[in-house]
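Biologist: I would like to learn how to read contacts, cores and helices in a model. Please show me the general idea each time, then the case at hand.

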Amino acid sequence: MDDDEPAILLTNDDGIDSTGLQTLYEGLSTVGDVTVVAPAEDQSAVGRAISHEVEVREHELGYVVEGTPTDCVVAGLEALVPETDLVIAGCNRGANLGAYVLGRSGTVSAAVEATFFDVPAIAVSMYIPVREDAAFSDIEANGDSYGEAVRATTYLADHALGAGVFEQCDYLNVNAPVAEWGPADIEITRPSRLYEMDAVHDGDAVTLHDRIWEHMADGDIPDPEGTDRRAVVDGKVSVSPLTAPHTTEHHEALDALAETYDPTD
């Protein structure tokens, strides 16, 4: 390995056999020494779930873990690939856009977990234009579709560390449009705060539905300029510089409550 090349731990939540991970591995291998530590099976939307013990076995790309993305990062950084300079999670099949999605996503959670080890990270996902929030899971995009996601992530992996990007943020959440839309510029964004989850009670079941996907498919999202969803719908690669949760701020009203609390009452 070239001394100037970063040691990259690559993980995901779609599983080690996913097209997105394979394609991203090929791209990243041109700029760094890449070791995969990825789940054996699909672990989408598991958030930061973690196990007590996981089975690990060697793989031609690195290691397979019978566990979650968070398991992969902890096992990777502490036991399997301790000399890691950068953790990259992806490329996810389906976007991870909006503030409310960050805690749900296994892809993003892997990046967040890395930051607690003081290792910078990038979460990367590809937007698939569908009308329902679960429909993208039925679509297997080919490797070419990930082209813009791979290009942007490879560029960031090659330059962000040296440019001091991670001196001002903990991790990057990258979302790219499908390559079929054409070349995509990078836009620096913030996670959208728009939230349109709803629930319908029908008999013995309640169906949960995210209506944002319908807006995105129609191209009429109400998200303002500068947000992640707006950038992707406009054909840009969204890059949101973020800090790991959770922030703590001085809170005068809460201070006042603490002062009047009487534990003997």
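Biologist: Which residues does serine 105 touch, not counting residues up to four places away in sequence?

Modeller: Contact means heavy atoms within 4.5 Å. Serine 105 touches Gly47 and Asn96 on that count. This is a predicted model, where local features need pLDDT of at least 70, side-chain atom pairs count only at pLDDT 80 or more, and totals for chains, interfaces and linings use all residues. Residues are numbered from 1 along each chain as its sequence is written, and side-chain values use heavy atoms, with hydrogens and water left out.

Biologist: Where is the place of serine 105?

Modeller: Helices (H or I, at least four residues) and strands (E, at least two) are DSSP runs, numbered from the N terminus. Serine 105 sits in the loop between β5 and α3 (106-115).

Biologist: Does serine 105 count as buried or exposed?

Modeller: Buried means under 20% relative accessible area, exposed over 50%, partly exposed in between (1.4 Å probe, protein chains only). Serine 105 counts as buried because its relative accessibility is 3%.

Biologist: What does aspartate 198 count as?

Modeller: Aspartate 198 counts as partly exposed, because its relative accessibility is 23%. Its place is in strand β9 (residues 197-202). Leaving aside neighbours within four places in sequence, aspartate 198 is in contact with Thr207, Leu208, His209 and Arg211. Its C-alpha is separated by 6.5 Å from that of aspartate 210, 12 residues apart along the chain.

Biologist: Now the cores. Which residues touch the most other members of the largest nonpolar core?

Modeller: In soluble globular proteins, nonpolar side chains tend to be buried together. A nonpolar core is a set of buried Ala, Val, Leu, Ile, Met, Phe, Trp, Tyr and Cys residues joined through side-chain atoms within 4.5 Å. The largest one has 38 residues, and Leu10 and Ile88 touch the most other members. Elements giving two or more residues to this core include β1 (7-11), α1 (19-28), β5 (86-93) and α4 (147-163). The most comes from α4, with six residues.

Biologist: What is isoleucine 88 in contact with?

Modeller: Leaving aside neighbours within four places in sequence, its contacts include Ile8, Leu10, Leu24, Val124 and Ala157. A second, separate core has 21 residues, among them Ala89, Val108, Tyr171 and Leu242.

Biologist: How far does α4 reach?

Modeller: The expected span of a helix is 1.5 Å times one less than its number of residues. With 17 residues, α4 reaches 24 Å from its first C-alpha to its last, close to the 24 Å expected.

Biologist: Where is the kink in α4 centred?

Modeller: The bend at a residue is the angle between axes fitted to the seven residues ending there and the seven starting there. The kink in α4 is about 35 degrees, centred on alanine 157. Alanine 157 is one of the buried residues of α4. Glycine 164 follows α4, with a positive phi near 80 degrees.

Biologist: How many disulfides does the count come to?

Modeller: A disulfide is a pair of cysteine sulfur atoms within 2.5 Å. The count comes to zero. The sulfur of cysteine 72 is 17 Å from the closest cysteine sulfur, in cysteine 91, so the two are too far for a bond. Cysteine 72 is buried, with a relative accessible area of 0%. Cysteine 91 is buried too, at 1%.
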